[in-house]
Amino acid sequence: MKSFVDEVVATPGGENIRACIQCGVCTGSCPVANEMEYPPREIIAMIRAGMRNEVLSSNSMWYCLSCYMCTVRCPRGIKPTEIAHTLECLANQQGFRVKGTRTPAMYRSFVSSIKGNGRVHELGMMFRYYMTTNPLAALKMLPVGLKLFLRHRMPLIPKRVKGKEDLSKLIQKFAEIRGSE
Ligand code: SF4
Ligand code: SF4
């Protein structure tokens, strides 16, 4: 099995992680660093120290807004934004569940909708999201959902893209490749 840092280095955007000089410009530029369990500079240090469990069970990457401030300012050409996306994928693949954020549940609902229809079915996506997080919170959204429905912005029946079968084969092939890595 690859070391944690090698796993990150092998992903797009993770290549330069060993060049980090721990200057902290990324953390100083990050608008949500205070909300993260470990801000970007610390996450990079922890990856290099092999702290897989601590990193993948943290909320840090799920709070990333993809604003790219850290990436454009890093003096060593490191891409903390891409690393955050990589960590989200690894956490999901390796079954880590994060407390204190519902973002992973939203991502899973989104992906499930894409897999099923080839595009987002808003009603189905939000139904799954609320059922897996807080079903009672869905009640508060009913008035908004009704307005969207009446304006034909939230259809009851999902519309599938053309070539959905080809898309399913593509997703299946991708999963096989990821599984064999
Ligand atoms: S700005 Fe770049 S070099 Fe500095 S700590 Fe962040 S990732 Fe490392
Ligand atoms: S891209 Fe993410 S980690 Fe980087 S500064 Fe923006 S919010 Fe912070």
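Which helix gives the most to the shell around ligand 2? The answer is α7, with three residues. The model described here is predicted.

## Overall layout

Domain 1 covers residues 4-93, and domain 2 covers residues 103-180. Taken over C-alpha atoms, the centres of domain 1 and domain 2 are 28 Å apart.

## Around ligand 2

Ligand 2 has 15 residues around it. Those that come nearest are C30, C64, C67, C70 and T81.

Two helices, α6 (69-73) and α7 (80-93), each supply at least two residues of this shell. Of the shell around ligand 2, α7 gives the most. By type, the shell residues are twelve nonpolar and three polar. No charged residue belongs to the shell around ligand 2.

## Helix α10

Helix α10 runs over residues 135-150 and has 16 residues. From its first C-alpha to its last, α10 reaches 23 Å. That is close to the 22 Å expected at 1.5 Å a residue.

The helix has a kink of about 50° at M141. The proline P143 follows shortly after M141. α10 is also hardly covered: among its 16 residues, the count of buried ones is zero. Just after α10 comes H152, with a positive phi of about 60°.

Technical notes. Residues are numbered from 1 along each chain as its sequence is written. Chains are lettered from A and ligands numbered from 1 in the order in which they are written. This is a predicted model: local features need pLDDT of at least 70, side-chain atom pairs count only at pLDDT 80 or more; totals for chains, interfaces and linings use all residues. A residue is near a molecule or strand if its C-beta atom, placed from the backbone, lies within 6 Å of it. Helices (H or I, at least four residues) and strands (E, at least two) are DSSP runs, numbered from the N terminus. Ala, Val, Leu, Ile, Met, Phe, Trp, Tyr, Cys and Pro count as nonpolar, Asp, Glu, Lys and Arg as charged, and the others, Gly among them, as polar. Domain bounds come from an automatic or database domain assignment. The expected span of a helix is 1.5 Å times one less than its number of residues. The bend at a residue is the angle between axes fitted to the seven residues ending there and the seven starting there. A residue is buried if 20 or more other C-beta atoms lie within 10 Å of its own, exposed if 12 or fewer, and partly exposed in between; C-beta atoms are placed from the backbone.
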